[in-house]
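Hi,

Here is the structure I promised to pass on. Have a look, and my notes on the side-chain packing follow below.

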Amino acid sequence: MKLIRSEFLKIRTTNVWWLFALGTVVLWGLSFLVNCVQAHYILHPEGVPDEQAATISAMGDPAALTAYMATSGQYFGLMFVLLLGILTVTNEFYHQTATTTFLATPHRTAVIVAKTAAAAIFGFLLWAVTTVLSVIGTVIFLNAENAEIALGDSSVIRSILLNLLAFALWGLIGVGFGVLIRSQIGATVTALILYLVGTLAVSIIVQLLSNWLDQDWIRELAWALPSNASGLLVSGVDLPDQPHYWVGGLVLLAWAAVTGVIGTLITRNRDIS
Amino acid sequence: MGSEITNGEIVVSGLTKHYKQVKAVDGLSFTVKPGRVTGFLGPNGAGKTTTLRMLLNLVRPTAGTATIGGRRYADLADPMAGVGAVLEASSAHKGRTGRNHLRVICAAAGLPASRADEVLALVGLTPAANRKFKGYSLGMRQRLGIATAMIGDPQVLILDEPANGLDPEGIRWMRDFLQSLAAQGRTILVSSHLLSEMELLADDVVIIAAGKLVAQGSVGDIVGNMGDGGLVRVRTPKPDELIAALDSATVARQDDGALVVTGTTAAVVGEAALRAGVALHELVTERPDLERVFLELTAGKEAIR
Ligand SMILES: Nc1ncnc2c1ncn2[C@@H]1O[C@H](COP(=O)(O)OP(=O)(O)OP(=O)(O)O)[C@@H](O)[C@H]1O
Ligand SMILES: [Mg+2]
């Protein structure tokens with residue numbers, strides 16, 4: 001517990017946390033606007049090609065739409081949680097504080113666990129901020145559209161809570177990633193590229209491969225990407241061309257477990273000099 | 001704040017660290033006694049920092065053990081209360097204030113945040129407490145390091161070149177500070193290159209070169225064993241009469257008018273002067289200094305490998 005306090009104090013006593021919070025809120029605003037536009041078209045589906053009609057109508061379900069809107073900003077919010085998780089580790093090497101940290105706590109696994117917890121708490125706070133904003137925005141928007149608001153629906157509440165799980169797990173993935181790539185710039189740049197470009201690239205590659213080999217299952221591989229899995233996790237209802245929402249949760253858990261365990265093992269054996 | 005370490009003896013035994021290119025530390029054994037200041041000396045690259053890091057569980061030894069008060073550092077239940085350390089290549093987050101840096105460690109050690117202010121005052125950093133670390137001068141950084149080490153009021157203090165960047169007053173302060181801690185029965189292990197400072201500060205020395213032990217013992221023994229007997233420097237307005245009174249000894253006149261007497265002690269010279277009725281303006285025993293001994297001991301050992 002005292003370690004978690006110490007790690008959270010580390011986050012609180014530098015500028016990074018409010019810069020990231022600010023970034024999250026600004027990008028939440030953008031995402032929410034985009035989602036509003038999309039939702040508008042889902043609510044007024046004119047001239048939709050037949051093959052997409054099923055998906056569109058499934059997304060137009062009040063619970064699905066409310067869940068979709070109320071988890072707005074997840075994509076960029078998760079990115080900031082990921083970056084913060086990375087920074088909690090790489091900062092220690094970049095600013096040469098690892099020595100002091102591991103002198104105070106020679107039990108290194110405990111330090112990693114505390115960092116994970118602190119990053120998860122930060123994720124929780126970002127989730128709370130974006131969720132409050134999203135819920136307020138969703139109510140206003142759906143009212144204006146005269147659409148049904150399904151905030152009380154159990155699947156919507158489940159989505160919002162699972163979104164919290166995603167925010168927390170991404171903190172863990174960030175910590176693991178930071179341990180794997182110790183260089184501050186190296187880790188953040190790699191993570192950003194993987195997150196922003198990699199997701200898209202893999203989705204395209206998977207799409208092409210599945211078309212080329214004429215194998216549908218290849219397309220499913222895209223869900224193994226943590227960012228796609230997070231989106232799947234919070235998609236209130238099961239859409240026709242998607243796996244079940246809990247598959248996303250399992251994928252995220254697997255990523256978090258793998259990065260966490262590898263990260264801890266590396267940290268335990270590393271020479272700090 | 002009961003420390004579990006009561007007898008803070010440091011025992012290094014067969015300690016070895018091989019890096020790919022170099023045997024940084026090679027079968028090193030020595031002990032450090034509580035209640036004394038022990039200087040840890042060696043040329044650049046001798047393996048001092050590596051040894052201290054192995055002692056503190058930061059670097060994994062290839063072989064051998066190092067214990068503090070009979071336990072490995074990793075096995076201490078409350079390491080901050082047992083051992084405080086200032087190591088090179090250890091620093092603080094540039095964007096964090098000195099006070100917050102210390103508070104973070106207080107939190108990790110389960111100590112109240114007020115302890116941060118106490119150690120800041122102890123090292124004279126209170127005026128800079130709320131400034132960010134990136135604005136600290138070298139000496140201020142060293143002081144923050146010492147403050148960090150003192151947070152748990154440790155029984156054992158380990159410092160890697162703490163005098164680096166300190167001003168003369170700071171060096172003086174540190175000498176008094178470390179000696180007073182040793183007088184309280186604590187164990188103080190300090191690495192340094194400043195041999196004249198070490199001679200003033202340390203009771204014992206451990207000298208290593210190329211990762212191996214070269215000499216260990218009290219400063220007096222090490223310097224005495226190596227030196228070629230006593231040297232007494234004396235200054236008097238009546239040098240000729242004093243020379244006559246000291247017939248048995250060899251006396252040399254120096255350019256600045258002082259006399260250097262070899263093969264005797266200051267007491268003998270003083271008594272001779274009293275009998276001869278000459279006034280003395282200066283009377284000092286000059287030992288061969290630690291620097292000369294150190295250079296002799298480590299000569300021929302490749303320093304940077
Ligand atoms: N992480 C490392 N990887 C490879 N070699 C290392 C590493 N750390 C230290 N060394 C080597 O080990 C040897 C001992 O280094 P160390 O830093 O312990 O010396 P030192 O006595 O503290 O020197 P100085 O007086 O310059 O501080 C050196 O040759 C150094 O190059
Ligand atoms: Mg060194």
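Let's start with Phe76(A), which is partly exposed at a relative accessible area of 23% (buried means under 20%, exposed over 50%, partly exposed in between; 1.4 Å probe, protein chains only). Tyr75(A) is also partly exposed, at 33%. The ring centres of Tyr75(A) and Phe76(A) are 5.2 Å apart with planes at 75°, so they pair edge-to-face (Phe, Tyr and Trp rings, the six-membered one for Trp, pair with centres within 6.5 Å; planes under 30 degrees apart are stacked, over 60 edge-to-face, the rest tilted).

Tyr75(A) also pairs with Tyr195(A), this time stacked, at 4.9 Å centre to centre and 25° between planes. Tyr195(A) is buried, with a relative accessible area of 4%.

On to the nonpolar cores (buried Ala, Val, Leu, Ile, Met, Phe, Trp, Tyr and Cys joined through side-chain atoms within 4.5 Å). The largest has 56 residues, and Leu178(B) and Ile188(B) touch the most other members. A second, separate core holds 38 residues, among them Leu82(A) and Leu126(A).

Some housekeeping: this is a predicted model, where local features need pLDDT of at least 70, side-chain atom pairs count only at pLDDT 80 or more, and totals for chains, interfaces and linings use all residues. Residues are numbered from 1 along each chain as its sequence is written, chains are lettered from A and ligands numbered from 1 in the order written, and side-chain values use heavy atoms, leaving out hydrogens and water.

Cheers
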